[in-house]
Amino acid sequence: MMSDKLLRYFMRTYFHQDWMEEFTSATDVVRDFALNESKDTVRGLISEINVLLASETISERYLIEIGGNYSPEVDGLSASEWLEAILAQVEKSEISQNQEQ
């Protein structure tokens, strides 16, 4: 399995057990990550997710095993679909931040 260090960090730090008390949606959590982490961390997460999605099918169980407290099924998504949505959102945030500078 490829490195998933940043995905683990993302899940444990942003989708911790109390994330629903801090944010109104999973989308807000992803936005917070994209706005508050360094460009290197954001780009690293994008890279890890791309490699992970290209190499295997991701299960919800995997997301829980790496420390996340979020179930994509709640939002009607598979784990892979959710990771694809994260990618799209984080990439969009990175593009808009680059345009603002």
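The legends below describe close-up views of a predicted model. Local features are given only at pLDDT of at least 70 and side-chain atom pairs only at pLDDT 80 or more, whereas totals for chains, interfaces and linings use all residues. Residues are numbered from 1 along each chain as its sequence is written, and side-chain values use heavy atoms, with hydrogens and water left out.

**View A. Buried face of helix H1.** Helix H1 spans residues 5–14; helices here are DSSP runs of H or I with at least four residues, numbered from the N terminus. Leu7, Phe10, Met11 and Tyr14 of H1 are buried, a term for a relative accessible area under 20%, with exposed meaning over 50% and partly exposed in between (1.4 Å probe, protein chains only). Seen down the helix axis, the buried residues of H1 fall within an arc of 100 degrees, so they line one face of the helix. The arc is that of the directions from the helix axis to the C-beta atoms.

**View B. Aromatic pair of Phe10 and Phe33.** Rings of Phe, Tyr and Trp (its six-membered ring) pair if their centres lie within 6.5 Å; planes under 30 degrees apart count as stacked, over 60 as edge-to-face and the rest as tilted. By this rule the model has 10 aromatic pairs. Phe10 and Phe33 form an edge-to-face pair, with 4.9 Å from centre to centre and 75 degrees between the planes. Phe10 belongs to helix H1 and Phe33 to helix H3 (residues 26–36), so the pair ties together parts that are 23 residues apart in sequence. Phe10 is buried, with a relative accessible area of 0%, and for Phe33, also buried, the value is 0%.

**View C. Aromatic pair of Trp19 and Tyr70.** The ring centres of Trp19 and Tyr70 are 5.8 Å apart and the planes stand at 70 degrees, so the pair is edge-to-face. Trp19 lies in helix H2 (residues 19–22) and Tyr70 in the loop between H5 and helix H6 (79–100), so parts 51 residues apart in sequence are tied together. Trp19 is buried at a relative accessible area of 6%, and Tyr70 is buried at 7%. Ring pairs link Trp19 and Tyr70 into a cluster with Tyr9, Phe10, Tyr14, Phe15, Phe33 and Trp82.

**View D. Salt bridges.** A salt bridge is a side-chain nitrogen of Lys or Arg within 4 Å of a carboxyl oxygen of Asp or Glu, and the count comes to 3. Arg8 and Asp4 meet at 2.8 Å, N to O; Arg8 is partly exposed at 28% relative accessibility, whereas Asp4 is buried at 9%. Asp28 and Arg31 meet at 2.6 Å, and both lie in helix H3, 3 residues apart, about one turn of the helix. Arg31 is partly exposed, at 38%. In helix H5, Glu65 and Arg61 are 4 residues apart, about one turn, and their closest N and O atoms are 2.8 Å apart in a salt bridge. Glu65 is partly exposed at 49%, while Arg61 is exposed at 61%.

View E. Glu60 is located in helix H5 (residues 60–65). Glu60 is buried but has no salt bridge, and the nearest side chain of opposite charge, that of Arg61, is 11 Å away; Lys and Arg count as positive and Asp and Glu as negative, with His and the chain ends not counted. Leaving aside neighbours within four places in sequence, Glu60 is in contact (heavy atoms within 4.5 Å) with Ser71, Pro72, Glu73 and Ala79.

Methods: Helices (H or I, at least four residues) and strands (E, at least two) are DSSP runs, numbered from the N terminus.
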